Amino acid sequence: MKVYLEQEILQENEHQAEENRARFGGVFVVNLIGSPGCGKTTLLEKTLTALKEEFRMAVIEGDIYTTKDARRIEACGVSVVQVNTAGGCHLSAEITAKAASNLNLGALDLLFIENVGNLVCPAEFDLGEDCKAAVLSIVEGDDKPAKYPLLFREAGVVVLNKCDLQPYTNFDMDSALADLRGLNASAPVFSLSAAKGEGLDPWFDWLRSAVAEKKGRQT
Ligand code: MG
Ligand code: ZN
């Protein structure tokens, strides 16, 4: 019997993540992480619809069960691979490699991986992405960056979603941003409402420069 220690699992994951990174080549890969209901899929729908004439994109959809999110992505006219973890609460580099083998990576500019809705362990597992995008909806509370520091420390970009609901919450933006900056001095933060389509342009521009920068690094 082989008993795996957490550390070994993470080391094996890291090895596979490096292989994924090599395989992704010049594709800019974003790993979207946030709670169930924070708006990851809605953010993707709006992003794919806005950028699909500009970039060749695909999505790996991680869910515990169902193909509901993958159907929503498919309706945007973008290739999607659904992964069901059958109870697993995060994606691993190995699962990501299997999912990515269904995609023609050479024909892509931008790949989104929607992780399983969870603020905790997805942040521990490198999938070989270029960037973790932490998605937090303001209805979850301004204390979340401080309470789930690993994700916000690891994030290359932070999206504060559902900002249109500010009048109905006691979300203290200054307090959330101060905690966030204590953990992560450099990640850009975009306050927006994906559902209402408000404030999305700076996020799109950030993606545009990230894709261009990744391509530039490959040549
Ligand atoms: Mg979703
Ligand atoms: Zn997990």
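Predicted model: local features only at pLDDT ≥ 70, side-chain atom pairs only at ≥ 80, totals over all residues.
**Zinc site.** Three residues supply the protein donors of the zinc ion (ligand 2): Cys89 through SG, His90 through ND1 and Cys121 through SG. Cysteine 89 has 34% relative accessibility, so it counts as partly exposed. Cysteine 121 is buried, at 14%.

**Aspartate 63.** This residue belongs to strand β2 (residues 57-63). Aspartate 63 is buried but has no salt bridge. Lysine 40 is the nearest side chain of opposite charge, 7.4 Å away. Beyond its neighbours within four places in sequence, aspartate 63 contacts Asp69, Gln82, Val83, Asn84, Thr85 and Val116.

**Aromatic pairs.** The whole structure holds three aromatic pairs. Two of them are tabulated here.

| Pair | Centre distance | Plane angle | Geometry |
|---|---|---|---|
| Phenylalanine 28 and tryptophan 206 | 6.0 Å | 70° | edge-to-face |
| Phenylalanine 190 and tryptophan 203 | 6.4 Å | 65° | edge-to-face |

Phenylalanine 28 is in strand β1 (residues 28-33) and tryptophan 206 in helix α8 (residues 201-218), so their pair ties together parts 178 residues apart in sequence. Both are buried. Phenylalanine 190, in strand β7 (residues 189-191), and tryptophan 203, in helix α8, are 13 residues apart. Phenylalanine 190 is buried at 12% relative accessibility, and tryptophan 203 is buried at 1%. Phe28, Phe190, Trp203 and Trp206 form one aromatic cluster.

Note on methods: Residues numbered from 1 in each chain as written. Chains lettered and ligands numbered in written order. Heavy atoms only, no water. Donors = N, O, S within 2.8 Å, 3.2 Å for Na, K, Ca; no water. Buried < 20%, exposed > 50% of the residue type's maximum accessible area, 1.4 Å probe, protein only. Helix = DSSP H or I, 4+ residues; strand = E, 2+ residues; numbered from the N terminus. Lys, Arg positive; Asp, Glu negative; His and termini not counted. Salt bridge = Lys/Arg side-chain N within 4 Å of Asp/Glu carboxyl O. Contact = heavy atoms within 4.5 Å. Phe/Tyr/Trp six-rings, centres within 6.5 Å; stacked < 30°, edge-to-face > 60°.
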